[in-house]
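Dear colleague,

My notes on it follow directly after.

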Amino acid sequence: MTTAATRPSDRRISPVFVGILAVTGVTGWATWTGFAALPGLAVFLFVTGAWIVSLCLHEYAHARTALLGGDITVGAKGYLTLNPLKYTHALLSIVLPVIFVIMGGIGLPGGAVFIERGRIRGRWRHSLISAAGPLTNALFAVVCTAPFWLHALDGVPPGFQYALAFLALLQVTAAILNFLPVPGLDGYGVIEPWLPYGVKRQLEPFAGFGLLLVFAVLWMPEVNRTFFDVVHSLLNTLGIDDLHGYCGQTLYRFWQDTPDVCVSP
């Protein structure tokens, strides 16, 4: 089976992605050094840039795994270039997730790459393609929290610690939500190949509403509280306390007043 029939240009990293990386790097440096006149603005741009990078990597992971699984069309569609503008639903994949971060501090699962599933053979391959995206978010969370669980925070400015903590929170929420076995989300894509045909036919019409259903349920105070209890428990396991997450989100919203506890001396 041919798995790599793509042109070199189909794999070339997009200048758009390089530009996003550059913004992330510069604002990360400004957050670290305190160079920015408005520290909160630097945190906002750094976290937003890093969040978009993670969204691109999420979709790239789906596409790359699909290519290895047999869908040789993903290259021609531009999915291997890391260009967010090439995704089939750029609004769902980039714009709405960023808006949700600004409004509610939650990592919204995106929906972007179109995989030609008919080219994929084997249920395990289908499941792995779906799992690749949220596993990328989980890996991103581990990387963001590494200084915390490695106890390597000496010399790391508090503002940068807070930014990493909030970015990790976004990755954890995105991974959890994506792994929910709800039609339309990656978690359902993991189990769908193993479901009886009749069950899949019955659930198929709900795929377009799965994400809306999840957020409607999360709107319930008890469910929302339980969800974030799980998120913070995972973050605590990774070495991030509640204060770091709170201050990260507070600094991110630079247009609001920053509590004294989150201001570096």
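Predicted model: local features only at pLDDT ≥ 70, side-chain atom pairs only at ≥ 80, totals over all residues.

**Cysteines and the disulfide**

The sulfur of C56 lies 15 Å from the closest cysteine sulfur, that of C144, which is too far for a bond; a disulfide is taken here as a pair of cysteine sulfur atoms within 2.5 Å. C144 is likewise in no disulfide, since the nearest cysteine sulfur to it belongs to C56, 15 Å away. C56 is buried, with a relative accessible area of 0%, and C144 counts as buried at 5% relative accessibility. Buried means under 20% relative accessible area, exposed over 50%, and partly exposed in between, with a 1.4 Å probe and protein chains only.

Residues are numbered from 1 along each chain as its sequence is written, and side-chain values use heavy atoms, with hydrogens and water left out.

The structure holds 1 disulfide. It is formed by C247 and C262, whose sulfur atoms are 2.1 Å apart. The pair links distant parts of the chain: C247 belongs to helix α11 (residues 242–252), whereas C262 is in the segment after α11, and the two are 15 residues apart. Helices are DSSP runs of H or I with at least four residues, and strands are runs of E with at least two, numbered from the N terminus. The torsion about the S-S bond of C247 and C262 is about -75 degrees, so the disulfide is left-handed. C247 is buried, with a relative accessible area of 0%, and C262 also counts as buried, at 2%.

**Helix α3**

Helix α3 covers residues 39–69, and its 31 residues should span 45 Å at 1.5 Å a residue; the end C-alpha atoms are 45 Å apart, which agrees. The expected span is 1.5 Å times one less than the number of residues in the helix. Of the 31 residues of α3, 24 are buried, so that the helix is mostly covered. G70 follows α3 and has a positive phi, near 130 degrees.

**A nonpolar surface patch**

V23, L38, L41, L45, F254 and W255 make a nonpolar surface patch of about 520 Å². V23 is located in helix α2 (residues 15–33) and counts as partly exposed at 43% relative accessibility. Like charges are joined within 9 Å, and nonpolar side chains (Val, Leu, Ile, Met, Phe, Trp, Tyr) within 5 Å. Accessible areas come from the Shrake-Rupley method with a 1.4 Å probe; for residues, only the protein chains shown count as cover.

With kind regards

Methods. Patch = residues over 30% accessible without salt bridge, like charges linked within 9 Å, V, L, I, M, F, W, Y side chains within 5 Å. Salt bridge = Lys/Arg side-chain N within 4 Å of Asp/Glu carboxyl O.
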